[in-house]
Amino acid sequence: MLRIAIPNKGTLSAPATQMLREAGYRQRTDPKDLVCRDEPNDVEFFYLRPRDIATYVGSGDLDLGITGRDLLIDAGSPAEEVLDLNFGGATFRFAAPPETITSPDEIGGRRIATAYPGVVERHLTERGLKADVVRLDGAVENAVRLGVADVVADVVETGATLRQAGLVIIGEPILRSSAVLIRRVGAPTNNQKAEQLLRRLHGVLVARRYVMLAYDVRADLLDRATALTPGIESPTISPLHREGWVAVQAMVLRNDVHQIMDELYDLGARAILVTAIDACRL
C-alpha cells in the first residue's frame with residue numbers, strides 16, 4: 001500500500017485534500033482523523049504537521065508527501081521535489097531598516113532573523129556569504145526593532161507588515177515557494193501506485209489550466225480557425241450534415257478562451273461552446 005503524507009492544517013491542507021479528491025482519492029471527512037485508508041486505490045494517507053512531512057518522506061517511512069518547497073528546503077531532509085502542484089504560493093525576501101542595507105551582498109556578517117533558517121542558509125551558501133542566522137518561530141519583523149537581528153527573512157505578500165515594522169525589502173526574492181509532491185532521494189521510480197498518483201495529479205493540473213472548446217466553421221476557413229485552436233496534439237474535426245461545414249473540438253488555455261472565442265466569431269465560426277474539464281490523461 002502506498003503511504004502518503006498530507007498537511008493536517010495550515011494553508012496547504014485544504015487545497016491538498018481538494019486536489020487529491022479531484023484526482024479520485026478518498027480523503028478524511030473528520031479533520032481530527034490522522035489516517036485515511038483508500039482501499040480501492042491501495043493508498044493510505046497520513047495527516048501530519050507540514051514541517052514534519054519532508055522528514056518522514058526523506059527517512060523512507062512514507063513513500064510520498066505534499067508540503068511546501070520552503071519546508072522541504074528548510075528541513076534539510078534527503079527528499080526531493082517531484083511535481084509542482086501550483087497552489088500555496090509564497091515569496092521569501094530579505095528586509096531591513098531603510099538605508100542600512102542596499103544590496104543582498106551587504107548581508108554578509110549580519111544577524112538575520114527568520115523562521116526558515118534552512119532556506120536562508122542555503123541562499124547564503126549559494127552566494128558565498130556568511131551570516132549569523134537567528135531562528136525565530138514567528139513575528140520576525142519585530143526582530144530588528146528589538147535588537148535581535150539586523151535583517152529579517154520572511155514570507156512577503158504585499159509588504160505592508162514589513163513597512164509597519166519600519167523595514168524595506170532588499171533585492172530579489174530569496175525563494176519562490178509553492179506546494180510540491182516530494183519523495184525520498186534515490187527512491188525507486190518504477191512504483192506503479194506512485195506513478196499512477198503522479199499521472200492523476202498531473203491530469204488535475206492540466207484540467208485546471210485548460211477547457212474544451214467546440215465550434216462549427218466553414219471548411220474553407222478551417223486552417224485559419226485551427227491556427228487559433230491547435231489543441232494539445234491536434235484538434236478533433238468532424239463533418240457536419242450541413243454541406244461545407246465542420247465541427248471542431250480542441251483544448252485551449254482557460255485564461256485565453258474568451259479572446260479565442262472572439263477571434264473565432266469574427267472569423268465566422270458559430271455555435272462556440274466551452275466545457276470545463278474535470279480530469280484528463282495526456
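## Basis of the model

The model is predicted, with local features requiring pLDDT of at least 70 and side-chain atom pairs counted only at pLDDT 80 or more, while totals for chains, interfaces and linings use all residues. Residues are numbered from 1 along each chain as its sequence is written, and side-chain values use heavy atoms, with hydrogens and water left out.

## Overall build

The secondary structure comprises eight helices and 15 strands; these are DSSP runs numbered from the N terminus, with helices being H or I of at least four residues and strands being E of at least two. The radius of gyration is 24 Å, well over the 19 Å that the globule rule gives for 282 residues, so the protein is more spread out than a compact globule. That radius is taken over C-alpha atoms, and the rule is 2.2 Å times the number of residues to the power 0.38. Along the principal axes, the C-alpha atoms fill a box of roughly 80 × 50 × 35 Å.

Buried residues account for 46% of the 282 residues, where buried means under 20% relative accessible area, exposed over 50% and partly exposed in between (1.4 Å probe, protein chains only). Among contacts (heavy atoms within 4.5 Å) between residues at least 6 apart in sequence, 67% join residues at least 24 apart.

## Domains

An automatic or database assignment sets the domain bounds: domain 1 covers 2-84 + 177-207, domain 2 covers 90-176 and domain 3 covers 209-276. The C-alpha centres of domain 1 and domain 2 lie 30 Å apart, and eight residues of domain 1 are in contact with eleven residues of domain 2.

Strands β6 (residues 90-96) and β9 (residues 151-155) run antiparallel and are joined by four bridges. Phe-94 stands opposite Ala-153 in β9.

## Thr-91

Thr-91 belongs to strand β6 and counts as buried at 18% relative accessibility. Leaving aside residues up to four places away in sequence, Thr-91 touches Asp-154, Val-155, Val-156, Pro-173, Leu-175 and Arg-176.

Conventions
Pairing = 2+ DSSP bridges.
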